[in-house]
Each structure stands twice: as structure tokens, then as C-alpha cells.
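Please look over the sequence and the three-dimensional structure shown here before reading on.

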Amino acid sequence: MKKKHFIAPALALVLIGGAIAVPSAIFADSEVTVTDSATSSAVNQDAGKTPTGDHVITPQATDGQIVDRPVAGFNDSADFDIKPGYGYVRMYLRNTGDTTITFTVNQGSVSGAEKYSGTVKPGKTFDEILNSSKAWSAGKFYVSLSSGSGSMSGKLGVRTSTNTNF
């Protein structure tokens with residue numbers, strides 16, 4: 001008499017069914033409706049709580065402003081907004097060119113009040129919180145970039161946050 005092995009196929013079916021239901025819960029932004037593969041019934045879960053009812057802890061809120069913007073030419077600029085409560089600013093500037101990049105961050109306009117300035121040498125990266133001691137006020141800000149002798153090459157990024165833990 002031949003023995004039939006149903007354990008491995010049954011286990012594979014359970015694992016595949018679980019893999020289909022889980023990804024939609026992982027990538028949820030708000031309330032989630034997932035179909036439980038074992039019972040074929042809908043399951044609702046608030047994305048702000050764990051299944052046991054505990055709250056999910058978010059250490060800070062960030063708001064993406066400028067993301068991997070290409071830097072080119074002899075002069076360039078980009079603007080970003082600081083929303084109320086998001087007064088901390090982190091700037092990332094990677095210089096992949098052959099010339100030093102000088103940058104300034106101004107409030108209100110390209111020629112407005114200077115809030116920060118610096119330089120990034122060829123092959124180097126600047127990645128810092130610009131105002132870790134005091135939050136900046138809400139409003140529009142401008143990053144101006146320039147190079148004296150050659151065309152710039154690199155990437156620019158700016159994020160704002162509710163605190164300095166980003």
C-alpha cells in the first residue's frame with residue numbers, strides 16, 4: 001500500500017495564502033481591509049495600532065521637499081516650503097563634478113534673508129541638519145547653487161521635520 005503525503009502541499013498552500021494577505025497590510029497608509037486566506041473573511045485593522053491594540057510609535061514626522069534633484073550648469077536654484085510645525089531642515093548635496101559648489105539657503109526669495117551657506121568640494125557630500133538649535137518659521141525657502149569655473153554635477157535633497165531626529 002502506497003502512503004500519500006499531504007503535509008508538504010498543505011503547508012505550501014498555507015504559506016502562499018499568508019504571503020498573499022500580508023503584503024497589502026505592510027504597505028497600508030490608513031485603515032486596511034485584508035482577506036484572511038484561512039477563513040476567506042474580511043479583516044479590518046487601523047494602521048495606527050498593532051493587532052493587540054497597542055499604538056504604533058512614530059518618532060517624528062517628516063515631509064519630503066526636494067528628492068534627488070539633479071544639479072547642473074553654473075547656477076541653479078530650487079525652492080521648498082516649510083509647513084507649520086515642520087521647522088527643522090536637513091539638506092543633502094552630493095557633488096559628483098570637478099568644481100566646488102557654493103550654496104545658500106534664503107527665506108522668502110532667492111535674494112531674501114540668508115539662513116545658511118556653505119561649500120561642497122568635488123567628490124564630497126554635505127548631509128546635515130541646517131538648524132538643529134532652533135526651528136525656522138513656516139514659509140518658502142530657496143536653495144541657490146553656483147560654481148565658479150565649471151559646470152556643476154550632483155544631486156540635491158531637502159527634507160523638513162517636526163524635530164531633529166531625522
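Student: What is the mean pLDDT of the chain?
Tutor: pLDDT is the predictor's confidence in each residue, from 0 to 100. A value of 70 or more is reached by 61% of the residues, and the mean over the chain is 77.

Student: Over which residues is the pLDDT below 50, with 37 contacts in the model?
Tutor: Where pLDDT is low, the predicted coordinates should not be read in detail. A contact means heavy atoms within 4.5 Å. One stretch under 50, with ten contacts beyond four places in sequence, is residues 56-60. The stretch with pLDDT below 50 and 37 contacts beyond near neighbours in sequence is residues 19-50.

Student: What is the strand order in the open sheet of four strands?
Tutor: Two strands pair if DSSP finds at least two bridges between them. The pairing in this sheet is antiparallel, and the order is β4-β9-β6-β7.

Student: Which strands stand at the edges of that sheet?
Tutor: An edge strand here has a single partner strand, so one side of it is left without a neighbour in the sheet. Neighbouring strands of the sheet are turned by 20° against each other on average, direction ignored (axes are lines fitted to C-alpha atoms). The strands at the edges are β4 and β7 (113-120).

Student: Over how many bridges do β5 and β10 pair?
Tutor: Among the residue pairs between these strands, V89 has T160 in β10 as its bridge partner, and N95 stands opposite G154 in β10. β5 also pairs with β8 (residues 125-129) in the antiparallel sense over five bridges, where Y92 stands opposite D127. The pairing of β5 and β10 is antiparallel too, over eight bridges.

Student: Which residues touch the most other members of the largest nonpolar core?
Tutor: A nonpolar core is a set of buried Ala, Val, Leu, Ile, Met, Phe, Trp, Tyr and Cys residues joined through side-chain atoms within 4.5 Å; buried means under 20% relative accessible area, exposed over 50%, partly exposed in between (1.4 Å probe, protein chains only). The largest core has 21 residues, and the elements that give it two or more are β3 (62-73), β4 (75-82), β5 (88-95), β6 (101-107), β9 (139-146) and β10 (152-161). Those that touch the most other members are F80, M91, L93, L145 and L156.

Student: Is N95 buried or exposed?
Tutor: N95 is found in strand β5, and among the residues it touches are T100, I101 and S153. Its side chain reaches the backbone nitrogen of G97 at 2.9 Å and the backbone oxygen of V120 at 2.9 Å. With a relative accessible area of 1%, N95 is buried.

Student: How far apart are the C-alpha atoms of S161 and G85?
Tutor: S161 lies in strand β10, where seven of the ten residues are buried. S161 counts as buried, at 0% relative accessibility. S161 and G85 are 76 residues apart along the chain, and their C-alpha atoms are separated by 7.9 Å.

Student: What is the phi of D68 near?
Tutor: Most residues other than glycine have a negative phi, and most peptide bonds are trans. D68 lies in strand β3 and is partly exposed, with a relative accessible area of 45%. The phi of D68 is positive, near 45°.

Terms used: Residues are numbered from 1 along each chain as its sequence is written. This is a predicted model: local features need pLDDT of at least 70, side-chain atom pairs count only at pLDDT 80 or more; totals for chains, interfaces and linings use all residues. Side-chain values use heavy atoms; hydrogens and water are left out. Axes are lines fitted to C-alpha atoms, for helices over the stretch in contact, and angles run from 0 to 180 degrees between N-to-C directions. A polar contact is a pair of N or O atoms within 3.5 Å; within protein, one must be able to donate a hydrogen and the other to accept it, and residues adjacent in sequence count only if both atoms are side-chain atoms.
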